[in-house]
Amino acid sequence: MDPLANLPFAKGDVALLAPIAIPALFGLVALLLDLALDPRGSKTPLALVNALGCALAGFAAVVLWKGDTGTVGLGGAMVASGLSTGLALAILLGTTLMGFATAHHGTGAGPVRTTLAHGELYGLMLFGTSGMLALVVANDLVTFFVAIETLSISVYALTGADRRLARSAEGAMKYFVLGAFSSGFLLYGMSLLYGAGHTLRLDQLALSTLDPSLRPMATTGTVLLLVGLLFKVGAVPFHAWVPDAYEGAPGVVTGYMSVGVKVAAFGGALLVLEAVGRSGALSTAGIWGLWAVAAITIIAGNAGALTQRNPRRLLAYSGIAHTGYLLVGVVAMLRCFDEYHPAADSGDLLLASKDAVAGVGYYLLGYAAANAGAFAVLCHLERGGEEVERVSDLAGLARTSPGAAVAMTVSLVSLAGIPGTAGFLGKLWVFRAGVGTGDVGLVVLALLASAVSLYYYLYVVVVMFMHEPLPGSAAAVAAEPRRWASRLAMGAAATATVVLGVWPNITRLLGVDLLELMSDGAEALL
Amino acid sequence: MNDIITTPQAVQIVAAALFAVGVYGVLARRNLMIILMSVELMLNGVNLSLVGFSREMAHLGPDATGALPADGGQVLVLMAMAVAAAEVAVGLSILIAIFRHIRTVDVDAPRATALRD
């Protein structure tokens, strides 16, 4: 008798788990490899391990997580669809690029003042990535909770990675206390949903017909769950930690969390909201509540960014604004569950909602490329552990390192949503879906806010190209010729941003059609 | 007497009260150590609520997927306890990192950033 026959694992379960397990294994490799490296030297071997782990995980996700009906496994605890694959690729792109960007941290001429431990940095980045990948395939609230905590705990530790800086510890503490607080709400929401729906499985919850007397409990649970999720994506009024954590954390960590945590949390939010929306636990009032959160987030994010002079704080507020734009897509997705919608039960509404899911996926992909690019430039300009702290430090960058200035410009232009970049296509897709579901007011607000955002994005471009370098600033110090890894990261991010914006179908040559992945995922979800 | 304290409603009320005490502690106390303890209180309130729901579902048979509804809550509680332990380990290390910089764990102390570097 085959001794393996009684194992609770099927081969399909291993296939579903492989893309999640690979980054964690490579995280262990990075931790051990760091012991063999010169503590003062370049960390390119670790960056290569990081990239290899992400590439293998990406390959596994593309090969194993296919299908518009969704791959079910592990007794239904996980379901993978095209959307999971697309979001996994965005997360892995961010981790790879940030790994390369920080490979030369603290090296080069001049005094070195850094306490960043790179073995732990890469290890935690890869462990967190593994949690993010689990979040985008979660089909069970247990999986969902463990995944979101795996990524959160890694990022709490990463935020405080630079132990020399008080502001790093302060940012970590703020993020940790508010994060743990919001986890409590998240878990209580899950408990109430479990009590009302009698299941923790998302697909079962979606199918369950809630007892009318239990509906208030389910709605309360959904609201508490949403509080926890909105915190993770940095939506107003749960955004207070974002600027401090982004400013306090080392640049590489900020880049990593601005990409990975946001992509994964939005992926998880789509899965959970689909289930609660279908079960009827999220009432029309709840959808309008999310509408209001989206509007306030767009306004507050853009208003906050206008006055920022620290590039990481600027990108923090820009990230809040982008959360708002993405919430437009989430609201549009939920409209198809709104029984009081004027176009309820019409095929057009469902089509627009599907469009919204695919749009949010594509938006996240473009956002990942552009944001990783911007942070890769900031990491490239770090000298001996000193980060770029003022936008004015970038003055004259176009003259001293034109490549970095161009990469930064591409990223910022994409974040602003100018045609020819991934950011434009993503916004177009999400906002079109918003118009399709009748949320024209919200879309108009988002468009106006995008126009305002041009000011603070282009201000940085003007400083880089038209101002004289300040003596002693990051831009004025001669470019470090040996920093090939961060150059690679900047180049790859800028290329990805342009390719995704101009010719997204070209990825077919690599065996993966991103546009198809997103629409398949939307088809499987709704 | 025994019947009163084990009714499903009573369990949920105690759980909600524990959670609320935790929320109050996080919002009102200024010592980071107490805030950490309050977060744990919130999570334990939720654990109690999950176990209570699980107990209410003890009489339910297997659902469409063949799983017993009562099992889910128990499993989530075990996971939540493991996660809370991991979380508090990271939280305490961050607390020590803060203490090394500003020599206090009071969140109302002069802002850490004022003593930057």
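This is a predicted model: local features need pLDDT of at least 70, side-chain atom pairs count only at pLDDT 80 or more; totals for chains, interfaces and linings use all residues.
**Helix H16 of chain A and its surroundings**

Let me start inside chain A, where the buried residues of H16(A) pack against helix H12 (311-334), H13, helix H15 (402-416), helix H17 (440-466) and helix H18 (484-502), which belong to chain A as well.

Staying with H16(A), which covers residues 422-436, its 15 residues should span 21 Å at 1.5 Å a residue, and because the end C-alpha atoms do lie 21 Å apart, the two values agree. Twelve of those 15 residues are buried, so the helix is largely enclosed by the rest of the structure; among them are A:Phe424, A:Leu425, A:Trp429, A:Val430 and A:Phe431, and the list also includes A:Lys427. Just after H16(A) comes A:Gly438, which takes a positive phi of about 90°.

Which residues touch the most other members of the largest nonpolar core? They are A:Val328 and A:Val331, in a core of 233 residues, to which helix H13 of chain A, residues 347-380, gives the most, with 21 residues. If we set aside neighbours within four places in sequence, A:Val331 is in contact with A:Ile287, A:Leu290, A:Trp291, A:Ala294, A:Asp439 and A:Leu442.

Turning now to the interface, 39 residues of chain B are in contact with 34 residues of chain A. On the chain B side, the elements giving two or more residues are helix H2 (8-28), helix H3 (32-56) and helix H4 (69-102) of chain B, and the largest share, 17 residues, comes from H4(B). By residue type, that side of chain B divides into 27 nonpolar, eight polar and four charged residues.

Finally, a word on confidence in chain B, where the mean pLDDT is 86 and 87% of the residues reach 70 or more. Confidence in chain B is highest in H3(B), at a mean of 94, and lowest in helix H1 of chain B, residues 2-5, at 62.

Conventions:
Residues are numbered from 1 along each chain as its sequence is written. Chains are lettered from A and ligands numbered from 1 in the order in which they are written. Two residues are in contact if their C-beta atoms, placed from the backbone, lie within 7 Å. Helices (H or I, at least four residues) and strands (E, at least two) are DSSP runs, numbered from the N terminus. Ala, Val, Leu, Ile, Met, Phe, Trp, Tyr, Cys and Pro count as nonpolar, Asp, Glu, Lys and Arg as charged, and the others, Gly among them, as polar. pLDDT is the predictor's confidence in each residue, from 0 to 100. A nonpolar core is a set of buried Ala, Val, Leu, Ile, Met, Phe, Trp, Tyr and Cys residues joined through C-beta atoms within 7 Å. A residue is buried if 20 or more other C-beta atoms lie within 10 Å of its own, exposed if 12 or fewer, and partly exposed in between; C-beta atoms are placed from the backbone. The expected span of a helix is 1.5 Å times one less than its number of residues.
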